[in-house]
Amino acid sequence: MQTGRPPTSPPSEAEEQRLTLARGGLRDALGSLRNLEQLLHSLRVGPRAVSSVLPAVHASCSLITRSMNELLEAMTPRLPSREPIDAIRGYVTPRVQELDRALASAIPKPMYAKNRLKLEGVVTRLAAELDAARELVDLLDGAAWARPVRVELGELLRGAAKREGRSDPPGTRMVEVTVARTEAAEALVAPRVVMGLAAIGAAWVAALRTDASPHIRVRDGSGVSGLDISFEARSGDVMTLAVPPLLEPTLPCAEAAATLSGAKLSYMEAPPSFSLEWR
């Protein structure tokens, strides 16, 4: 069965240029923060070398905010509501402000052990949290602009579980799941968005119960294709998925990304379940 949504209109040339610049600016700003984190961790890097990069990283704080805002505002007209935008901003803004204060305070100080360890703790925590927020922005960005293609959902999941040659974002953890062997189910989707939503679903279900592995069932029938993630005791192929950390904005962003992908998202805490459905 082939279900899903029609292709979205692509951005204009000028809009695409702005999006590209914003994506690159956000990537570069968070990359400089990660580089600082590595310098702070390394015992081979002396205090002067650390101090020399602090002003540039401090300046990138405004770039993080500006780039995220540009990406979020560009996709806002396509979103079903402003809830995910407000949720991401509510999460990111205080963290960028904390980072800005920490770096401004560290710049005039010698980066000897006490000052260095204090800054290292703040940078390590905030770099991971901001990277996780960027993953949600990427999910919405992909859902808003990606052109959907017809894919077989089970094969898509099996591709997501292959780890060779992949580098996962910081904060990613591995979750073992079983994937039921079912008949082929096709949907018109953006593959990266579906994989992102499946990873969020596995993380959501796994967080609610630690004594079992989530089970993923691909279904096809009665005019509906879907993915169901639960603790249903069924056999299947054992796979390992890389799943993101769960943040306050995660579920609002997942709901918006699902809607943009032509899917209905539903989830429950008791019993734990996370489902995507395409008609």
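Which residues have the most contacts inside the largest nonpolar core?

1. They are Leu 99, Leu 119, Leu 227, Phe 274, Leu 276 and Trp 278, in a core of 90 residues. Helix α4, residues 113-145, gives the most to this core, with 15 residues. A nonpolar core here is a set of buried Ala, Val, Leu, Ile, Met, Phe, Trp, Tyr and Cys residues joined through side-chain atoms within 4.5 Å.

2. A word on the ground rules: this is a predicted model, in which local features need pLDDT of at least 70 and side-chain atom pairs count only at pLDDT 80 or more, while totals for chains, interfaces and linings use all residues. Residues are numbered from 1 along each chain as its sequence is written, and side-chain values use heavy atoms, with hydrogens and water left out.

3. Contact means heavy atoms within 4.5 Å.

4. On the overall fold, the protein has seven helices and nine strands (DSSP runs numbered from the N terminus: helices are H or I, at least four residues; strands are E, at least two). The radius of gyration is 21 Å, close to the 19 Å that the globule rule gives for 279 residues, so the protein is as compact as a globular protein of that length. That radius is taken over C-alpha atoms, and the rule is 2.2 Å times the number of residues to the power 0.38. Along its principal axes, the C-alpha trace spans about 65 × 45 × 35 Å.

5. Of the 279 residues, 48% count as buried (under 20% relative accessible area; exposed is over 50%, partly exposed in between, with a 1.4 Å probe and protein chains only). Among contacts between residues at least 6 apart in sequence, 81% join residues at least 24 apart.

6. Is Thr 76 buried or exposed? Thr 76 is buried, at a relative accessible area of 15%, although its place is in the loop between α2 (47-75) and α3 (83-106). Beyond neighbours within four places in sequence, Thr 76 is in contact with Arg 82 and Ile 85.

7. Lys 264, in strand β8 (residues 263-268), is exposed, with a relative accessible area of 56%. Not counting residues up to four places away, Lys 264 touches Ser 275, Leu 276 and Glu 277; Leu 276 is also one of the core residues listed in the opening point. Lys 264 and Arg 279 are 15 residues apart in sequence and 8.7 Å apart in space, C-alpha to C-alpha.
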